[in-house]
Amino acid sequence: MLEKEFVLYPEALELKNLGFDEECFGFFENGVFIYWYGSKQEPELLLNCTTPTYSQVFRWFRDKHGLYINRQPEFYTTGINFNWMIEWYLPVEEQTKHVITDSTGMYGDNNEYSTEEAMELGILQKLIEIAKQQE
């Protein structure tokens, strides 16, 4: 059950290619998840990579790329929706906030994602896409 806290293998490889190199409690070896605590990626092993938790990678995107996630609940009689936005804060001299994308998260009626985990994966995939465009 703890595995749902960790980023999936395809996204972990994408993060490695974007320069993610943080200490993690998980490692993928040829696509197989292994609990492990390590400090750095091993660039010579192309199919191996560390795998962060979602909260760790969201923090990394904030610190490295200036990409922030804003999740806000909307309560209905039939359930809850979580609306999310990815925002990019420009350099201090510009002091302007720009919304890059937004989508609807989980619960309630007419949702794009069926679970919070699916929503987090969708957010992560969008963050990876945006970071690739920034390079």
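Predicted model: local features only at pLDDT ≥ 70, side-chain atom pairs only at ≥ 80, totals over all residues.

Reader: What makes helix 2 roughly parallel to helix 3?

Author: Two packed helices are described by the angle between their axes and the distance between the axes. For helix 2 and helix 3 the angle is about 25° and the axes are 11 Å apart, which makes the two helices roughly parallel, because angles under 35 degrees count as roughly parallel (over 145 is roughly antiparallel, 65 to 115 roughly perpendicular and the rest oblique). The axes are lines fitted to C-alpha atoms, for helices over the stretch in contact, and the angles run from 0 to 180 degrees between N-to-C directions.

Reader: Which residues of helix 2 make the contact with helix 3, and how is that contact divided by class?

Author: Contact means heavy atoms within 4.5 Å, and on the helix 2 side the residues are Tyr54, Val57, Phe58, Phe61 and His65. Their partners in helix 3 include Glu120, Leu124, Ile128 and Gln134. By class, the contact has 10 nonpolar, two polar and one charged residue, where Ala, Val, Leu, Ile, Met, Phe, Trp, Tyr, Cys and Pro count as nonpolar, Asp, Glu, Lys and Arg as charged, and the others, Gly among them, as polar.

Reader: How do you know that His65 is buried?

Author: His65, which is found in helix 2 (residues 54-65), has a relative accessible area of 12% and therefore counts as buried, since buried means under 20%, exposed means over 50% and partly exposed lies in between (1.4 Å probe, protein chains only). Not counting residues up to four places away in sequence, His65 touches Trp60, Trp88, Ala131 and Gln134.

Reader: Why is Leu15 called buried too?

Author: Leu15, whose place is in helix 1, has a relative accessible area of 0% and is therefore buried. Among its contacts beyond four places in sequence are Val7, Pro52, Phe61 and Leu124. Leu15 and Pro52 are 37 residues apart in sequence, yet 9.4 Å apart in space, C-alpha to C-alpha.

Reader: What makes a group of residues a nonpolar core, and which members touch the most others in the largest one?

Author: A nonpolar core is a set of buried Ala, Val, Leu, Ile, Met, Phe, Trp, Tyr and Cys residues joined through side-chain atoms within 4.5 Å. The largest one here has 27 residues, and Leu15, Phe61 and Leu124 touch the most other members. Helix 1 (9-17), strand 1 (24-29), helix 2, strand 5 (79-89) and helix 3 (116-134) each give two or more residues to this core, and its largest share, eight residues, comes from helix 3.

Reader: How do you know that helix 1 and helix 3 are roughly parallel?

Author: Their axes come within 11 Å and cross at roughly 25°, and that angle is therefore described as roughly parallel. This crossing is left-handed as well. Glu11, Glu14 and Leu15 of helix 1 meet Leu121, Leu124, Gln125, Ile128 and Lys132 of helix 3, which by class gives four nonpolar, one polar and three charged residues.

Reader: Why do Trp84 and Phe20 count as buried?

Author: Trp84, found in strand 5, is at 3% relative accessibility and therefore counts as buried. Phe20 lies in the loop between helix 1 and strand 1, and its relative accessible area of 1% is the reason why Phe20 is called buried.

Reader: How many of the elements are helices and how many are strands, and what percentage of the residues is buried?

Author: The secondary structure comes to three helices and six strands, in the pattern α-β-β-β-α-β-β-β-α along the sequence. Of the 135 residues, 39% count as buried.

Terms used. Residues numbered from 1 in each chain as written. Heavy atoms only, no water. Helix = DSSP H or I, 4+ residues; strand = E, 2+ residues; numbered from the N terminus. Left-handed = near helix turned anticlockwise from the far one by under 90°.
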